Amino acid sequence: MTNQNVVISDAKLGFSMEIMVSLYDSAALFPQAVPKPLSALGGGGGGAPIIWTKPSFKKFETAAVGGGRINAWVDSMRASSPTRRSSDNEENKSWILNHPSALSKFEEIMNVSKGKQIVMFLDYDGTLSPIVEDPDRAFISSEMREAIKDVAHHFPTAIVTGRCKAKVYNFVKLSELYYAGSHGMDIQGPIKGHKCRKSNQTVLCQPAREFLPMIGEVYKILLEKTKSIPGAKVENNKFCLSVHFRCVEEKKWAELAEKVKSVLKDYPRLKLTQGRKVLEIRPTIKWDKGNALEFLLESLGYANTNDVLPVYIGDDRTDEDAFKVLRKRGHGFGILVSKIPKETNASYTLQEPSEVMCFLKRLVEWKSLSLQR
Ligand SMILES: [Mg+2]
């Protein structure tokens, strides 16, 4: 008798499990040590005994594509793109206890804001708009637009997004906002005047300007390289690129990551990061959504003061840079949009864009009431 460890995985269900199989004749059953489907491994009929061990998500991918480093990337792609609620109630409870709903704690947040200028920072995809299959159709509702407009009437408000600034402006269509596109590498002030605005210049900050030709070149190469993968979509965000995999079958994720990484081998001044259902290609300069937040606060005249309460709402890993800045400053709140427990530096949570809209509306009501007092 021999024992063999076998990894069983199901891409659709998103699980992986390692089992040990005791065999009397392994050569006959596993001539090439190929993992068998669960049903073939002792599903009755006097087969070999199965010993279950703990689930192992790290072993999800086998060596079919790319080796260990690509496997780690695919694990990471999966972790940053969860699609299901955790079935672990204890995990959910503990997470919600540590990151309560910004709606249920609304009064608490407003109490902290007394005597301070609230400044709103809003991510776009998955925060104001739902995550949709076609990123070019991530529209916001007119009700959401109205809520943002009302918020911007009372508080300086910025959209901070990985997208191209012009594209997100076309979605939002509000000229009174600040827009920080390309993960904050392309910042523009309101076209309409704002009472908190100190400068008449339209473009405020483009720290990665020298990378423009390189980004354009890599965009063309990525379009060519990824066209064989159904559902993959490359988006040019001006100072960075996105490779969306929200429409790519999970079994193709490793191949996609491999192709993107192979292109970047020739461009050491670009780096690869991940967002929600998206791979991001960005310049290696140290500038992210957290820097954009700090830059905007400084532009508004709130660099070294406690008289401000920045509130940042976002849904993915790139927003964590801004949440971290708020934690470090010791004032202001990060609000993570998620239905699923995630490791985060945010203080509060909202479940989905509809809750973000409720929060924005309550903020406006609260401000209107406080002005009447
Ligand atoms: Mg987002």
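This is a predicted model: local features need pLDDT of at least 70, side-chain atom pairs count only at pLDDT 80 or more; totals for chains, interfaces and linings use all residues.
At what angle do helix α7 and helix α8 pack, and how far apart are their axes?

**Entry 1: α7 and α8**

I looked up the two helices. α7 covers residues 212-226 and α8 covers residues 253-264. They pack at an angle of about 145 degrees, and their axes are 10 Å apart. I wrote down both values because two packed helices are described by the angle between their axes and the distance between the axes. The crossing of α7 and α8 is right-handed.

Next I listed the residues that touch. α7 brings Val218, Ile221, Leu222, Lys225 and Thr226 to the contact. α8 brings Leu256, Lys259, Val260 and Val263. I sorted the residues of this contact by type: six are nonpolar, one is polar and two are charged. I recalled that an α-helix has 3.6 residues a turn, so residues three or four places apart point the same way.

**Entry 2: the sheet**

Which order do the strands of the open sheet have? I read it as β9-β10-β12-β11, four strands with antiparallel pairing. β9 (233-236) and β11 (270-275) are the edge strands, and each pairs on one side only. From one strand to the next, the twist averages 20 degrees.

I then followed β9 into β10. The two strands form a hairpin, with four residues between them. Lys238 sits in the turn and has a positive phi of about 75 degrees. Four bridges pair β9 with β10 in the antiparallel sense. I picked out two partners in β10: Val234 stands opposite Val243, and Lys233 has His244 as its bridge partner.

On to the next pair. β10 (residues 241-244) runs antiparallel to β12 (residues 278-283), and four bridges join them. Here His244 stands opposite Val278 in β12.

Which way do the residues of β10 point? Leu241 and Val243 point one way, while Ser242 and His244 point the other way. I marked all four as buried. In a regular strand the side chains alternate between the two faces of the sheet.

**Entry 3: helices on the sheet**

I went back to the helices of Entry 1. α7 lies across β9, β10, β11 and β12. Its direction runs at about 15 degrees to β10. α8 packs on the sheet too, where it touches β10, β11 and β12. The direction of α8 makes about 155 degrees with that of β11.

**Entry 4: α10 and its neighbours**

Which residues of α10 (residues 320-329) are buried? I found Glu320, Asp321, Ala322, Phe323, Val325 and Leu326. These buried residues pack against β4 (117-122), β5 (157-160), α9 (289-299), β13 (308-314) and β14 (333-337). After α10 comes Gly330, with a positive phi near 85 degrees.

The axes of α9 and α10 come within 6 Å and cross at roughly 50 degrees. That angle is why I call α9 oblique to α10. The contact uses Lys289, Gly290, Leu293 and Glu294 of α9. From α10 it uses Asp321, Ala322, Lys324 and Val325. By type, the residues of this contact divide into three nonpolar, one polar and four charged.

Definitions and conventions:
Residues are numbered from 1 along each chain as its sequence is written. Axes are lines fitted to C-alpha atoms, for helices over the stretch in contact, and angles run from 0 to 180 degrees between N-to-C directions. A crossing is left-handed if the near helix is turned anticlockwise from the far one by less than a right angle, and right-handed if clockwise. Two residues are in contact if their C-beta atoms, placed from the backbone, lie within 7 Å. Ala, Val, Leu, Ile, Met, Phe, Trp, Tyr, Cys and Pro count as nonpolar, Asp, Glu, Lys and Arg as charged, and the others, Gly among them, as polar. A residue is buried if 20 or more other C-beta atoms lie within 10 Å of its own, exposed if 12 or fewer, and partly exposed in between; C-beta atoms are placed from the backbone. Two strands pair if DSSP finds at least two bridges between them. Angles under 35 degrees count as roughly parallel, over 145 as roughly antiparallel, 65 to 115 as roughly perpendicular and the rest as oblique.
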